[in-house]
Structure formats: C-alpha cells, structure tokens
Amino acid sequence: MTSLQLLLDGFAAALTPVNLLYALIGVTLGTLVGVLPGIGPAMTVALLLPITFTVPPASAFIMFAGIYYGGMYGGSTTSILLNTPGESSSMITALEGNKMARRGRAAQALATAAIGSFVAGTIATALLVVAAPAVVSFAIAFGPEDYFALAILAFTAVSSVLSRSIVRGLASLGLGLVIGLIGIDQQTGQARLTMGIPQLLDGIDVVIVAVGLFALGEALYVASRLRHAPPEVVPVGRAWMGRSDWRRSWLPWLRGTALGFPFGALPGGGAEIPTFLSYAAEKRLARGVAREEYGKGAIEGVAGPEAANNASAAGTLVPLLTLGLPTSATAAILLAAFQQYGLQPGPQLFDHNPALVWGMIASLFIGNTMLLVLNLPMAPLWARVLRIPRPYLYAGIVLFAALGVYALNGSVVDLFVLYVLGLLGYAMRRFGLPVAPAVIGMILGPMAEIQLRRALAIGAGDVSVLVRSPIAAVLLALSALALLAPVLRKLLARRGLAPAPSNDE
Amino acid sequence: MIGRWWRPELGLAVVVLVLGVLVVVGTLDVSAAASQLGIGPRFFPMLVGGAMVVVGLFYVADVLRGGHGDPEESEDVDAEAPADWRSVGLVSGIFLAFAALLDLLGWIIGASLLFFALSIVLGAEHRLRAAVVAVVLGLVTYLLFVKGLGVSLPGGVLPL
C-alpha cells in the first residue's frame, strides 16, 4: 500500500501548473519528433540534456517522460499515413495501418493506435508501479559482482537481439565501449586514450555521441540516397472510430499490452519482438471479417502491435529505474540525464529520492492522457507536419544538432568531434550496424568498469568472486546464452528445424 | 548485388579490428598506478580492446565470406539507390566549413548559411524561399537560445 501512497504524492508533485506545463511541452515535442522522420526521442532528449543545468530534476524528468511516450505515439502516425518503415518499433503497425489508410480508414487506424497506446500505456505504467518496488526489494542485496553481471547481460542481449548479425551488434557495442573509455579514469586520475588532446580529458560528452550517431549520421545517410519523389501522405481528418471498431480493438489492445510489458522489461527484449508476436497472434486469432481483412488493412493488426509497442516502452523503465540498467537507446540517454544530476537510478534512488521517482511515474499517467487528447483531434495537423519538404527538414536537423553540441562548451572542437561521430553513424547505417548497442555501451561501460573493479577489490584480485553470488552466476550464464543463441539457431535452421524467429533469453 | 555490397563494408570491419589494436596499444601507455587490492586503470581497457580485436576478426571473416549487413531502412531513404557521393561530400564540406567559420561569422550568419547551403544541396527548389527560411531560423534560434534560455552563442561580425 505504501507505493500507492508514494504514487499519490507523486501526483501531487506532478500536478503543479509548472510541471503540467513541462509535461505538455514534453508530449508535444515528443509527438512532433516521433512524427518527423530522421529524428527520434533519443536524440531529442540528448539535445535537451543541457537544460539539466537550469531546470530542477523533477520538472526535467517529467518533460523527458513526456518526450519518451510522445515519440511512441508520433511513430504510429508516420507509419499509418506514410507507408515506409520508420522506427523499427512501428514497422509492424505500417503493415495493416497503411493499408487501412489507403482504403479510406485512416481515421480509424489512427484512433485505434492512439486509444490503444493510451490503454496499453496506462495499464503498463500501473504494472510498473507494482513491479518496481518488488524489483527494488530484490535488488537491494545486489553486490558489485551482480551489477557487473547485469551490465554484461544487457550488453550481450542488446547486441544479439537488436541486430540480425551478432558480430555487427558486438562491433557496435565495442565502438560505444571505446568511446566511453576516452578520458580520465575516475578512480586513479589517469588519462586514457586521449591521444594527447586536452579537450578529450573530460571524455566525449554523451550529447555529442547521441547527436552525432543519430542526427548527423542520419542526415549524411539520407543525403547519400534521398528518395527524390515527394512523400505520399494519406489525407486524414479527425481520428475517430465506430462501435464495431471498438469491439474489434479492445481485446487486441489487452493482448498487446500483455506481450509488450514483459519484453520491454527484459534486457534486449525491446519493442520489435512483442509487436511482431502481437501481429502474428492477432492474425491467428482473426475470425470472420477480420480474417478476410487481414493483409488488406485489418484494425486488429494495428491495435495489437501499437499496444505492445507502448507497453514495452513502459516495461523498459522497470530495469532503468530499479537497477540503473538501460535496455534501449532512449533509456540510455535518460540514464545519462540522471547522471547529469549526480543521481544513480537503482534501489537507492527509490529510497533517497522517492519524490523524484514517483513524480516521474505519475507524470507518465498524466502524459498518456494528454497524448490521447492531443492525438485524436490533431491528427490532420500531424499529417501536415509529415509534408515538410525533406531538404528543409534535414537542413534543420543538422542546424539543431550543431546548436545543441556547440552550446555544451562553446567549443568548435566539439563540432569536429560531432562530424567524426556523424561519419561513424553514417557507416553504421550503411552497413546495418544497430546504433543502440553503441549508445548503451558508451553509457553503461564506465559503470560496468567501476562495479568490476569494486568486485575484484573486495575479492582481493580473485576472479572467482565474479561468479560466487548465485545471481551473478545465473546472469552471466544467460549472457553466454544470448551470445550463443544465434549460433544455435543457425545450426538448427541448417537442419531445417527452427525457421521461426524466437526470443532466446 | 551481394558482390557489390561487401567490399566497402570490409573497411568498417577493418576499422573495428584496428581500433581494438589501438585501444590495447594506447592502454600500454597508461601507467598502472593500481592499489594493492584489485585492478588498475589498464585492466578494463585491455579487456575491451582484446574483445574488439576478436570481434573485429570475426567481422572481417564474415565480410570476406560474403556476409553483409542490411542497410537501415528509413522513411526518406531509397535503399535500392546507389550512394550519391557528391551529396555526402557537399554536406560534409558545408558542415566542416560552418564549424571552421562559426566563431568568425557568428551564429546568425553561420547558421543561416549552413541551412541555406544544406537545403539547396539536398534539393530545395525555391532558392528564395530557402534563403528566407534560413535567415528566419538563424535569427529565431539566436534570440530564443541566447536571450531566452541564456545559452551563449557567438555573435561574430554582427554588432549585437
């Protein structure tokens, strides 16, 4: 019952006029960048990180939470109205969603996506309220070796699941880890990998890495193969749906939520697998009209995956808040935001800063409601945003990237570092290396090192200390499994036994 | 199709491998002022560098055997189109020139030129409209961030 009390306190904190304004700015900005191609919530939060110097933490996180949820809503609008796979999490929505839109049912597709996102987001946030204290009470006894093992699990799971090729996932992770190593060692003050450049002593700021890999990398990639035809946006009015749409949507929403939340909470679970599973499940369960419509624009195929997508976003917050473990690029940037305030997410955060944590969770409920109100009547506006001419869009993205990075230190050197990272981001896109493992490696790497050194110091140099705790041993075994799973799958597939993609943690 | 893909990717795979070697070599310079207990500042970088070398070797081997990653799909990208190196080069040149001249020109002029040049290279059709949008964006961002949010941006040659 105490967490209910704390949540009510959180609502009291989040419902002040100033914080409501921050929430509104957050959800609006989040929806905008979610709708716009080429820019997503991870980069937006990264560009806004400098506000952490002037804005109190509670307000900043309320805004970041709004951006995080808003980005999920915006992504579905793009995939329904513009039939091109955008963010991987809303790819599945495009399958049926765009076909619905082309048959003149865009309003219903947008409505089931928005209302489904609201239902799923609300249920999943409620699950977060229940799950978080449980995980905290379990994690309170974690030692450094357990945290190290957790980080290893996050690394391997993210690298193997997010990429179709594990070598490419691990290469991306390694690039991030190396970037994270640059700078002064926090424990001994030794400079590492700075190549004698004094500006690198403080390390490379996470903002530069995120903006370089996401924004500039994307702009260069788009420049290299820009689709020259203007985007074909399906026109739409106010989003609404009729009684039969409601009847066909509510069960897929609930099933999608049930799939999305646990996958989001797992390291490497992400949104791709549950949205795909939800799509497949709805297809199998389809009867009557739905069965005939599947493949031509069935509402079930939008309702389920969209709910799964949003529920997994809430699930991602469980390991982030309770263990300090980011499992997506956006979560990694949120972790960096905590670090800017000198806060470390984990069991202690719930103890020492309950007002902040519960204020943020309460604002998720508030932001979700705002998003529903914002998205249903304003669908035509967001459809107009989609028509922004691409030359202006990408020129603008580069301009804001330069602005955000220059504003960090007022240093031109940062702009050149940004360019190098932009080239890296371009190469990663061009050759299909996932970007998320690099961002997670960069932010979680230094923490993994600290925990490793702490654990080995306690064990007086004895390496077996790393597997002495049963929790750490299990986590490391799971990491090994995550690394081996694709190899095993390939072996089985060669024998023709396991063709279907499955999740192997 | 596949034959055309894997050659450039080999470059990235080699970068990963070489970076691993560089991390190991670069870490040897770090004087290991370790305490008696536990490990010093060299251990973790060595671990990362060594792992990068292993991953890099696997990556190179994979590319040589004909494996290739799928280019990322995105709303505005035509994944089938051949790479347009002229655009990439121009965007790079414009950005680097902007970075080099920013302190001299100041934010308003520098950012306006950056936006204008990029939008033309990326295919904006109305030059006048692009110029107007560029100047408005340069001015608005300056006023918003400098006057409104207290961020410091260079004033440059304009008397501000």
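1. Helices here are DSSP runs of H or I with at least four residues, and strands are runs of E with at least two, numbered from the N terminus. By that count, chain B of this predicted model has five helices and zero strands. Along the sequence, the pattern of chain B reads α-α-α-α-α.

2. Chain B has 160 residues, and 38% of them are buried. Of the contacts in chain B between residues at least 6 apart in sequence, 64% join residues at least 24 apart.

3. An unreviewed UniProt entry lists "transmembrane region" for residues 12-31, 43-61, 94-118 and 130-150 of chain B. Two of these ranges are worth checking against the model. Residues 43-61 of chain B are 100% helix and 0% strand, and the C-alpha atoms at the ends lie 27 Å apart. Residues 94-118 of chain B are 96% helix and 0% strand, but here the end C-alpha atoms are 7 Å apart.

4. Which residues does Ala13(B) touch, not counting residues up to four places away in sequence? They are Gly56(B), Tyr59(B), Val60(B) and Val63(B). Ala13(B) itself sits in helix H1 of chain B. It counts as buried because it has 25 C-beta neighbours inside 10 Å, the cut-off for burial being 20 or more. From Ala13(B) to Val30(B) there are 17 residues in sequence and, C-alpha to C-alpha, 27 Å in space.

5. The interface comes next. Contacts between the chains involve 62 residues of chain B and 64 residues of chain A. On the chain B side, helix H1 (2-28), helix H2 (43-64), helix H3 (85-105), helix H4 (107-121) and helix H5 (127-148) each supply at least two residues. The chain B residues that touch chain A comprise 39 nonpolar, 13 polar and ten charged.

6. In chain A, helix H13 covers residues 329-340, twelve in number. From first C-alpha to last, H13(A) reaches 17 Å, close to the 16 Å expected at 1.5 Å a residue. After H13(A) comes Gly342(A), with a positive phi near 75°.

7. Is H13(A) largely enclosed or left open by the rest of the structure? Ten of its twelve residues are buried, so H13(A) is largely enclosed. The buried residues of H13(A) include Ala329(A), Ile333(A), Leu334(A), Leu335(A) and Phe338(A). Among the elements covering the buried residues of H13(A) are helix H3 (41-48), helix H4 (57-81), helix H8 (206-224), helix H12 (300-323) and helix H18 (436-458) of chain A.

8. The largest nonpolar core holds 218 residues, and those touching the most other members are Ala46(A), Leu110(A), Ala210(A), Val211(A), Val398(A) and Val439(A). Helix H5 (residues 91-139) of chain A gives the most to this core, with 19 residues. Domain 1 (2-64) and domain 2 (85-148) of chain B both give residues to the core, so it lies between them.

9. Leaving aside neighbours within four places in sequence, Ala210(A) is in contact with Ala42(A), Met43(A), Ala46(A), Ile333(A) and Val439(A); Ile333(A) is one of the buried residues of H13(A). A second, separate core has five residues, including Ile92(A), Ala94(A), Leu95(A) and Tyr279(A).

Notes:
Residues are numbered from 1 along each chain as its sequence is written. Chains are lettered from A and ligands numbered from 1 in the order in which they are written. This is a predicted model: local features need pLDDT of at least 70, side-chain atom pairs count only at pLDDT 80 or more; totals for chains, interfaces and linings use all residues. Two residues are in contact if their C-beta atoms, placed from the backbone, lie within 7 Å. Ala, Val, Leu, Ile, Met, Phe, Trp, Tyr, Cys and Pro count as nonpolar, Asp, Glu, Lys and Arg as charged, and the others, Gly among them, as polar. UniProt positions are given in the numbering used here, feature names are shortened, and annotations may be inferred rather than shown by experiment. The expected span of a helix is 1.5 Å times one less than its number of residues. A nonpolar core is a set of buried Ala, Val, Leu, Ile, Met, Phe, Trp, Tyr and Cys residues joined through C-beta atoms within 7 Å. Domain bounds come from an automatic or database domain assignment.
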